[in-house]
Amino acid sequence: MTSTGPLPRVLLVWDAPNMDMSLGSLLGARPTSAFRPRFDAVGRWLLDLAGPDAVAEACVFTNVVPGSTEVVRPWVEALRNVGFAVFAKPKVTDDSDIDDDMLRHIEMREQEGQLRHVVVASGDGRAFREPLEKLIEQQTDVTVIGFREYANFALNSETISFLDLEDIDGVFREPLPRMTLDTLPDTGAWLPPFRSLRSLLDPRR
C-alpha cells in the first residue's frame, strides 16, 4: 500500500464576540431567534466550499463571562452537535480576548501542511488583516465572512475575499433589517428607533 499525505484542509474560525457585537450593532438590539445565524447552514456552506477531497474544520472561539455558564452551555452544546469545535476562554479581564488563540490555531494548521483555504468570521481588521494577507502570499486562499457594514478591512483589501454572512443560503430565518444612510432608496426609508422612547423615563444607572 502506498502512504498518502494529509488531505487538504479548509478551516473556518469564527470570532463569536466580534460577530455578536457586529450583529447587535446592526440590529440596534440583542438578536432574537429570527436574527441569530444558523450554524448548520454555515457548516453546509463550508462543506460545499471544501468539496469531497478536503477536510472541512469549523471552529468557534468565544469568551465565557463568569456566572454565565448556564446561559452559554446550551449554545455551546448546540454548536458541538452540529459538528463545530468550540474554544471557550473565561473573560476574566478586558484583555481576555480570543484573537491570539484564533491566530495560533490557524498557524498550527498551516504548519501541519495542506491548508488550502482559511475562512475567518470577524470584522476585526486590527487583529487579522496582516496575518491573513501573509497567508495569501503563501498561496493559501482566504475569505472573510461577516457583515459588510463592519468588515472594511476585507472589503478594502486587494487580496482578501469577502462574503456577507447574509449571502450564505439559510443562515438567517428572516432578512436582516439593514437599512442605513448608505443604502437609502430614492423614495426614502424609515429608520426605526433602537429603543423605546419610554426608556428616557428610566433612571440612569
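Is Phe-147 buried or exposed in this structure? Phe-147 has a relative accessibility of 3% and therefore counts as buried, where buried means under 20% relative accessible area, exposed means over 50%, and partly exposed lies in between (1.4 Å probe, protein chains only). The structure is a predicted model, in which local features need pLDDT of at least 70 and side-chain atom pairs count only at pLDDT 80 or more, while totals for chains, interfaces and linings use all residues. Residues are numbered from 1 along each chain as its sequence is written, and side-chain values use heavy atoms, with hydrogens and water left out.

The aromatic residues were examined next. A pair of aromatic rings is described by the distance of the centres and the angle of the planes. The structure holds 4 aromatic pairs; rings of Phe, Tyr and Trp (its six-membered ring) pair if their centres lie within 6.5 Å, and planes under 30 degrees apart count as stacked, over 60 as edge-to-face and the rest as tilted. Phe-61 and Phe-87 form a tilted pair, because their ring centres are 5.5 Å apart and their planes stand at 40°. Since Phe-61 belongs to strand β2 (residues 55-64) and Phe-87 to strand β3 (residues 85-90), this pair ties together parts that are 26 residues apart in sequence. Helices (H or I, at least four residues) and strands (E, at least two) are DSSP runs, numbered from the N terminus. Phe-61 is buried at 3% relative accessibility, whereas Phe-87 is partly exposed at 32%.

The pair of Phe-147 and Phe-172 is also tilted, with ring centres 6.4 Å apart and planes at 40°. Phe-147 lies in the loop between β5 (141-146) and α6 (152-155) and Phe-172 in the segment after β6, so the contact ties together parts that are 25 residues apart in sequence. Phe-172 is buried, with 11% relative accessibility.

The largest pocket holds about 1200 Å³ of space. On a 1 Å grid over the protein atoms alone, a cavity is a set of points where a 1.4 Å probe fits but cannot get out, and a pocket is an open set with protein on both sides within 12 Å along at least five of seven lines; lining residues have an atom within 4 Å of a point. Grid points are joined across faces, edges and corners, and a volume is the space filled by probe spheres set on the points. The lining of the largest pocket comprises 32 residues, of which Pro-17, Asp-20, Met-21, Thr-62 and Trp-75 lie nearest its centre. At least two lining residues come from each of β1 (9-15), α1 (16-27), α2 (39-50), β2 and α3 (69-82). The greatest contribution is that of α3, with 6 residues.

Helix α1 also contains Met-19, which is buried with a relative accessible area of 4%. Met-19 and Gly-146 are 127 residues apart in sequence, yet their C-alpha atoms are 7.1 Å apart in space.

Two loop residues concern the backbone. Most residues other than glycine have a negative phi. Gln-114, in the loop between α4 (99-112) and β4 (115-121), has a positive phi of about 70° although it is not a glycine, and Gln-114 is partly exposed at 43%. Gln-139, in the loop between α5 (125-137) and β5, likewise has a positive phi, near 70°; Gln-139 is exposed at 69% relative accessibility.
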